[in-house]
Amino acid sequence: MDLAIARWYLFLQQYRHYQSVLEVFRLHPGQFNKRLDDLVMFIAQVSYCYPDVLANYPQELMDILQTHHTILDSAMRMTLCRALILLRNKNLLKSTDLLSLFFHLLRCQDKALRKFLETHIITDIKNMNAKHKNTRLNTILQNFMYSMLKDSNSKAAKMSVDIMIELYKKNVWNDAKTVNVIATACFSKYTKVMVAALKYFLGSDPEEEKKSDDSDSDNEPSAREVLMANRVNKKTRKREKQLKKVKEHVKKSKKKKDATPVFNFSALHLVHDPQGLAEKLFQQLEKRNERFEVKLMILDVISRLIGLHQLFLLNYYPYIQRFMQPHQREVTKILQFAAQSSHELVPPDVLEPVLKTLVNNFVTERNSADVMAIGLNAVREICSRCPLVMNEDLLRDLAQYKNYRERSVMMAARSLIHLYRSSMPELLHKKDRGRPTEAIRELKSKKYGEVDAKHYISGAEVLLQDSMEGWVVEEEISCLAENGSTRRVDILAYNADTKQGIIVDPTIRFEVECHQSAEIHLEKKSIYEPIANYFKLKYALIHVEGIPDNDDDSKDGSDSDDEWIDISHSSEDDGEDNDNDSENIENVVEVSESKGDENSERDPVEKKVKDSDKGGETAKPGEDGSSSNDKVQLAAQASLMRILTDEDFRKIDAMKLNKEVTTARKGKKRPAEEEKNSKGELVSLADIENIYKKRKHDKQMRQESVKKGQEDREKYGFHDRRLNPHSSKTNREKRKTKHYMMVKHKAKRKIKRSFKEKQIALRNHLQKLRKMK
């Protein structure tokens, strides 16, 4: 108790000392007071112990900063801000009061203080919205920041924009109101504020960031390399620091991989009035005289707005048309903006002058091959978004560059031909259209403003085909009844895998509201029941379905192996009878007929029927069996039957890919190289600058190519050409394998022979040759 009282009196003594020092400081606020600096931090740290005494302490500090923030010493000002943040962390100060003060302090000519305050504002707002969104507080702060954007101090306005952008990136303020507040900064009279807002809307490509991160990590040594180096090499401080740094980097990268990916919706999609924003930006671009880099940023934002929201800004295209010159600075970006601002709703008459200017200035033989290739790539990107801008004569002229001597131009022209093969093949010359595939046959060219809205899921017919796969249909089959009499069946469909069969009689039908008469029912049943066993034995079937029992019998629950099901056939009438069973069996017929074209030679059923002596005939596949109308009906039926799953959509996508490489009448053609779909929301600059050229290899690539060329080559060096590997070698060959010291004297004598010795050796050699003759 005595200790607590002593502490209380000690605190009161320090607090009274603080008050007296504060009164002295107010006489000269521009001077640094070391004693006041220490007392302010001391009282802030113990303030939570004496909340009653220090109730007015936060307001005193705020009043000092509010009144004298422009003339205070930088160190003293930083100390007061730190003390207020400490009080805020102990919940002794409201966040709105402190943040409003800090926003006013952003006007100070102190860069370190502004950076410090920016970090605290972002962290404080993020912590307040950590558990749940504090909508009331966010609204107050957003309104305050909106007023700060119009502040006369450019640094305060710039800092406010930076804070809002950072909070959006951290998914704290990622709503439409924040985006539209930042959009107003695009019209600021200060260039730095405007550029910050434009950069926010342009953003950065996450794939490019990922590539840059990967390239940076490739240059750094791996953890295993550093560990081995420390284990083997001499241990130094430098290597220890490097090992510690690499371990931290590996730990950080592992956290990034384990973290849940955050997907930010593009800010341009959240703009309330994109048409008004684009028009105001274009009007500002024409009036203000900014640097060329700033003009490019404005053009980029306008082009993205036009492309994403399919806007109409017809004055934009003549403006960028005058920059389309090969010698123009950043001309590839200009071409990118022209492609981004193209969409299907732009009138072709508006885009046609842009396309002609592009072709006349770039795709000419007076330019280099790279310029021509870039021009053709830009034409392709524009036409992929607005195919109607191209006319037949111009397209056929550009297609002639497919045989150009430079590979880059040739590949760019072929990519343009490939684009129109899959969109509007009728504009191409017949020899450039290629072999028509099923996808091209189903393609329908749309006019300007036309929308092709389907009432079914395209390609869904594959789901019914998969369910009926394996069914074989035969018509006019002769068979034997149990009593030995010969009878004929109109249609039989059976599945060898499931061992099920269906007998179809076209004369049997069920109307919507009336049933088969009892006489006809009994007559048909007496005809088809005796022949069921014949088909079971012939095709190895377990069950054969045909004519069902009457409703009264079915109600009794009688269900035997030889139960019959009535199936109607609507081939004679024009769609008046729409029984589910008849539709299903017609689908079976169509599927089997469509498969008969491809596998007619390998169909085992046809061989069985041909070998049969009962006179049965197989159904000949009709040429129009799988026509477009039938496929549409099948797709509509499959779309309405049930809710499609992810597996069903995967089958549909596989079917569409198969159609792109399957010709209309023959087999499959060689698939082309996979190209990414360039018709995305944004145009990549790499698609326009993509030039097919043989790049220079580095040392590693050259070594790999050399090794690849030496794979089938014989090993360099001595080749033992003896037919018998166990036979002896000559003395000359043995001499090569001997140690040098064994033949040293012979080599030495051979090198230093005199002229006389050479004469004797030559004479002996000639005599030896004479004896051998």
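Let's start at a helix contact: Thr 139, Gln 142, Asn 143, Tyr 146 and Leu 149 in H7 meet Lys 177, Thr 178, Val 181 and Thr 184 in H9. Sorted by class, this contact of H7 with H9 has three nonpolar, five polar and one charged residues. Keep in mind as you look around that the model is predicted.

Two packed helices are described by the angle between their axes and the distance between the axes. For H7 (residues 135-149) and H9 (residues 176-184), the axes come within 10 Å and cross at roughly 10 degrees. Angles under 35 degrees count as roughly parallel, so H7 is roughly parallel to H9.

Now step back to the whole protein. Its secondary structure comes to 35 helices and five strands, and buried residues make up 39% of the 773 residues. Of the contacts with a separation of 6 or more, 67% are between residues 24 or more positions apart.

Next, turn to helix H3, which covers residues 57-68. Its twelve residues reach 17 Å from the first C-alpha to the last, close to the 16 Å expected at 1.5 Å a residue. Which residues of H3 are buried? They are Tyr 57, Pro 58, Glu 60, Leu 61, Met 62, Ile 64 and Leu 65. An α-helix has 3.6 residues a turn, so residues three or four places apart point the same way.

H1 and H3 pack at an angle of about 15 degrees, and their axes are 13 Å apart. That angle makes H1 roughly parallel to H3, and the crossing of the two helices is left-handed. On the H1 side, the contact is made by Tyr 15, Tyr 18, Leu 22 and Phe 25, while H3 brings Tyr 57, Glu 60, Leu 61 and Ile 64. By class, the contact of H1 with H3 has seven nonpolar, no polar and one charged residues.

Finally, have a look at a loop. Thr 364 is found between helix H18 (348-362) and helix H19 (369-385). Is Thr 364 buried or exposed? Its relative accessible area is 14%, and buried means under 20%, so Thr 364 counts as buried. Leaving aside residues up to four places away in sequence, Thr 364 touches Val 359 and Met 372.

Technical notes: Residues numbered from 1 in each chain as written. Predicted model: local features only at pLDDT ≥ 70, side-chain atom pairs only at ≥ 80, totals over all residues. Heavy atoms only, no water. Helix = DSSP H or I, 4+ residues; strand = E, 2+ residues; numbered from the N terminus. Expected span 1.5 Å × (residues − 1). Buried < 20%, exposed > 50% of the residue type's maximum accessible area, 1.4 Å probe, protein only. Axes fitted to C-alpha atoms, helices over the stretch in contact; angles between N-to-C directions. Parallel < 35°, antiparallel > 145°, perpendicular 65-115°, else oblique. Left-handed = near helix turned anticlockwise from the far one by under 90°. Contact = heavy atoms within 4.5 Å. Nonpolar A, V, L, I, M, F, W, Y, C, P; charged D, E, K, R; others polar.
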